[in-house]
Amino acid sequence: MMWVSHMYAVQDTQDKTAFAELFSHFAPRVKSFLMKSGASHDVAEECAQDVMATLWRKAHLFDPAKASVSTWIFTIARNRRIDLLRKQRRPEPEDLPWGPEAEPDQADVIALQQETQQLGQALAQLPEKQRILIEKAYFGDLSHSEIAAETGLPLGTIKSRIRLALERLRHNLKC
């Protein structure tokens, strides 16, 4: 209950003493939690600081009926960690390639043309009912459910025909 009263003090009067006590208790625990979840020391330190600053700014959002103080703080920490992970995986604009892409190797172009021709021939050998469904699924970019709605065929029939068509294509392309 002590932490709830501290949160109310921060919430109502922006009590710096109450915040300092919350900070000294929770910041090291948040940092440890973040480091255990894979964050480096520096990232965990920065993220913990950010979490505690969020606590100061958004104390008015705390509701003891919904969560305990620690749950509320650690939820903020978890969300901040997820945000950091997403940001790390997203390439920065300076990391994106600029300018025209390199011309593909001529051998790759010829191989791709041959594979495309073989695929076209293999598709032409399929029974019409299967070929139409393959075209709708892969070239029309329709889901099985959308194909069923469009054709009036049962979903199971759609799936079976597509599966059989793919097996035939694999067989014909191996030969």
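1. Phenylalanine 62 and tryptophan 72 are both buried (buried is under 20% relative accessible area, exposed over 50%, partly exposed in between, with a 1.4 Å probe and protein chains only). Keep in mind that this is a predicted model, where local features need pLDDT of at least 70, side-chain atom pairs count only at pLDDT 80 or more, and totals for chains, interfaces and linings use all residues. Residues are numbered from 1 along each chain as its sequence is written, and side-chain values use heavy atoms, with hydrogens and water left out.

2. On to the aromatic pairs: the count is five (rings of Phe, Tyr and Trp, the last by its six-membered ring, with centres within 6.5 Å; planes under 30 degrees apart are stacked, over 60 edge-to-face, the rest tilted). One of them is tryptophan 3 with phenylalanine 26, edge-to-face at 5.3 Å centre to centre and 65 degrees between the planes. Tryptophan 3 sits in helix H1 (residues 2–13) and phenylalanine 26 in helix H2 (residues 16–36), so this pair ties together parts that are 23 residues apart in sequence (helices are DSSP runs of H or I, at least four residues, numbered from the N terminus). Tryptophan 3 is partly exposed at 21%, while phenylalanine 26 is buried at 3%.

3. Back to the pair from the opening: phenylalanine 62 and tryptophan 72 are also edge-to-face, at 5.6 Å centre to centre and 70 degrees between the planes. Phenylalanine 62 is in the loop between H3 and H4 and tryptophan 72 in helix H4, 10 residues apart. Elsewhere, Phe19, Phe23 and Trp56 make up one aromatic cluster.

4. Now the charged side chains. There are six salt bridges (a side-chain nitrogen of Lys or Arg within 4 Å of a carboxyl oxygen of Asp or Glu). One joins arginine 80 to aspartate 50, N to O at 2.4 Å. That pair links distant parts of the chain, with arginine 80 in helix H4 (residues 69–89) and aspartate 50 in helix H3 (residues 41–57), 30 residues apart. Aspartate 50 is partly exposed at 29% relative accessibility.

5. Two further bridges stay within one helix each. Glutamate 135 meets arginine 131 at 3.3 Å; both lie in helix H6 (residues 128–139), four residues apart, about one turn. Glutamate 135 is partly exposed at 31%, as is arginine 131 at 23%. Glutamate 167 meets arginine 163 at 3.5 Å, both in helix H8 (residues 155–174) and again four residues apart. Glutamate 167 comes out partly exposed at 39%, and arginine 163 likewise at 46%.

6. Last, the network: salt bridges with shared partners join Asp50, Arg80 and Asp83.

Definitions and conventions
Helix = DSSP H or I, 4+ residues; strand = E, 2+ residues; numbered from the N terminus.
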